[in-house]
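Open your viewer and get the selection tool ready. We will take a short walk together.

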Amino acid sequence: MLPVLVVHGGAGHIPKERVEMSCAGVRAATRAGYAVLQGGWSMDAVVEAVTHLENIPSFNAGCGSVLNVKGEVEMDAIVMDGRTLASGAVSAVRNIANPIQLARLVMEKTSHLCLTAEGASQFARAMGVPEVPGESLVTDYARMRWEKNLAPDANPVECQMGKMGTVGAVAVDADGNIACATSTGGMLNKMEGRVGDTACIGCGGYADNRVGAVSPTGHGEAIMKVTLARLILFHMEQGLSSHEGSDLGLATMKERVGGLGGVVTVDPQGRWAARFTSAQMAWAAAQGDTLHYGLYPGEDITQSIGDPN
Ligand code: ASP
């Protein structure tokens, strides 16, 4: 079994001028996480990769998150440890640069699975997590899209452009331990206090050493209706491969609730998949000496892991 890390940078429709940035971002995050995975624990690797992406302003997580209806950033994040089924999540958090690290603290330092809004902020303060000004998480691009979307003559197709950008990762390490992590700013113009799939175990992430792990992205309400991460793992428990289980889960979500999205998936043998029903999903995977990546359906470009680009 070869350790593997698979990362996504969100399902959706990405404007041409942002394609390069997104692909480079997921490749860099995969390299950073994979360096940690060498001789290390899958949980450390997925948190490293997601932290890396939260710090890149072109993704919808951490700085660069989409704005809610009031023009503010509210973020959701989750981690899960496949050894023990321990999980930690935060929802509707503000003023935190790296919600994924706060989610991990919820898992490690509390007896709860999810903390929300002000309670999550209080916990962050108690843990010594630095608070950042809300405005520091807002990019000009996020503000521009928010304003465009509010305009009475807004074109609904254009509003979807660049909507992708939620970030996530799954990994299996050399000991066979499996973990997942997902982080997002949610959906553009969401209501204040909206909690999406990303904070909900079984929806925006699930990891179980016996079956595998999934990190989804896409329309959160649709993902929650079919509990997408757990649905895919159910199919894998029934004997489907990570690839087949991912496709069947995504097809069910499309057929039953009209939702589009994407996932990265691993099984305990280190067999992985990056699958989506959206127009695009930036993803990358590292295993052995090879880095795979893609953006369009069917695309799987390979390069050496040592290639700096
Ligand atoms: N699933 C995220 C949410 O609904 C958004 C996304 O993945 O693009 O909050």
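This is a predicted model: local features need pLDDT of at least 70, side-chain atom pairs count only at pLDDT 80 or more; totals for chains, interfaces and linings use all residues.

Residues are numbered from 1 along each chain as its sequence is written, and side-chain values use heavy atoms, with hydrogens and water left out.

Select the ligand, then T166, T184, G186, M187, R194, D197, T217, G218 and G220, the residues around it (a heavy atom within 4 Å). By class, this shell holds 1 nonpolar, 6 polar and 2 charged residues (Ala, Val, Leu, Ile, Met, Phe, Trp, Tyr, Cys and Pro are nonpolar, Asp, Glu, Lys and Arg charged, the others, Gly among them, polar).

Zoom in on T217: a polar side-chain atom sits 2.7 Å from a ligand oxygen. At G218, a polar backbone atom is 2.7 Å from a ligand nitrogen.

Now select helix α8 (residues 228-237) and helix α9 (residues 242-257), which pack at about 135 degrees with axes 8 Å apart (axes are lines fitted to C-alpha atoms over the stretch in contact, with angles from 0 to 180 degrees between N-to-C directions; helices are DSSP runs of H or I, at least four residues, numbered from the N terminus).

Key:
A polar contact is a pair of N or O atoms within 3.5 Å; within protein, one must be able to donate a hydrogen and the other to accept it, and residues adjacent in sequence count only if both atoms are side-chain atoms. Helices (H or I, at least four residues) and strands (E, at least two) are DSSP runs, numbered from the N terminus.
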